[in-house]
Amino acid sequence: YTGPITLYGERRLSVADASTTEGNSGSKQLNFAVTLSRAATQAVTFDAFTDPGTASPGIDYASNAVIGASVPAGQTTANFAVTVNGDTEVEGHETFTVNLANVVNATLGRGQAQGRIINDDLAQLSILDASVTEGDSGFKTLSFVVQLSQPMPNPVTFDIATNNGSAMAGSDYVARNQTGRYLDAGRSRQLFEVQLIGDTAAEPDETFTVTISNVAGALLADGVAVGTILNDDAAALRQSASAALRIRTRMSGREPRK
């Protein structure tokens, strides 16, 4: 046979990435698969150890180092376990690395893997009540504060809309409805602005509501705010009536009663 001779490739030992959600308390095991490209007739030994990344050893996970770990003869996989610690801190996803070294009876393939701790703690989203005087004409802005208890590492999305109360859309304020509104990563506050319609009608203070729904990336703590339109026309009418009375009194030559 004079053709090319095909040889089996070297046995290669590699470690794969792994991830887990953090949890709010206690600890859990994050297992990294250490794999041979094909089984050997004798054990393949190696060292494995962790190195920090954005995750801190002793806080987010427990450092681990194993000398002389092995893939038994005839098998292709072994596990390297790292303990991940839970907490309730709102923070970004965090990472650390697992490294292989000193491989015996195989060659080193992929010698480093990433461990990813997925943060599952969410900030609370709420909207605050707001009020403003109405004005006699034109438009005035009523600003509602939408806020997170603390910034999130990823955008927070939500829907937000006005709803009639004693104040009516079209006559007292301009209705507004937005879907897929978001707070950028790292931000904790933004304004939702509603336009009020001024008039000269003497009437009680009026209210409407703003409602948040369909929140993603945070927990909804308080999703309803009351907007109060403070009517300033009654006072103006009283002042106008008082001024008219004074004019009529002066014209008649009588002083108004004290």
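Trainee: How many aromatic pairs does the structure hold?

Mentor: Bear in mind that this is a predicted model. Rings count as a pair if their centres lie within 6.5 Å, and the number of aromatic pairs that the structure holds is four.

Trainee: Is the pair of Phe144 and Phe208 stacked or edge-to-face?

Mentor: The ring centres of Phe144 and Phe208 are 6.0 Å apart, with 70° between the planes. Planes over 60 degrees apart fall into one class and planes under 30 degrees apart into another, so the pair of Phe144 and Phe208 is edge-to-face.

Trainee: Which strands does that pair tie together?

Mentor: Both Phe144 and Phe208 are buried. The pair ties together parts that are 64 residues apart in sequence, because Phe144 lies in strand β12 and Phe208 in strand β16.

Trainee: Which residue forms a stacked pair with Phe208, and where does that residue lie?

Mentor: The stacked pair has its centres 4.3 Å apart and 15° between the planes, and the partner of Phe208 is Tyr173. Tyr173 is buried, as is Phe208. The pair ties together parts that are 35 residues apart in sequence, because Phe208 lies in strand β16 and Tyr173 in the loop between β13 and β14.

Trainee: Turning to the other loop, is Gly92 buried or partly exposed?

Mentor: Gly92 lies in the loop between β6 and β7, where contacts of Gly92 beyond four places in sequence are with Asn119 and Pro153. Buried would require under 20% relative accessible area, and because the value for Gly92 is 27%, Gly92 counts as partly exposed.

Note on methods
Residues numbered from 1 in each chain as written. Predicted model: local features only at pLDDT ≥ 70, side-chain atom pairs only at ≥ 80, totals over all residues. Heavy atoms only, no water. Helix = DSSP H or I, 4+ residues; strand = E, 2+ residues; numbered from the N terminus. Buried < 20%, exposed > 50% of the residue type's maximum accessible area, 1.4 Å probe, protein only. Contact = heavy atoms within 4.5 Å.
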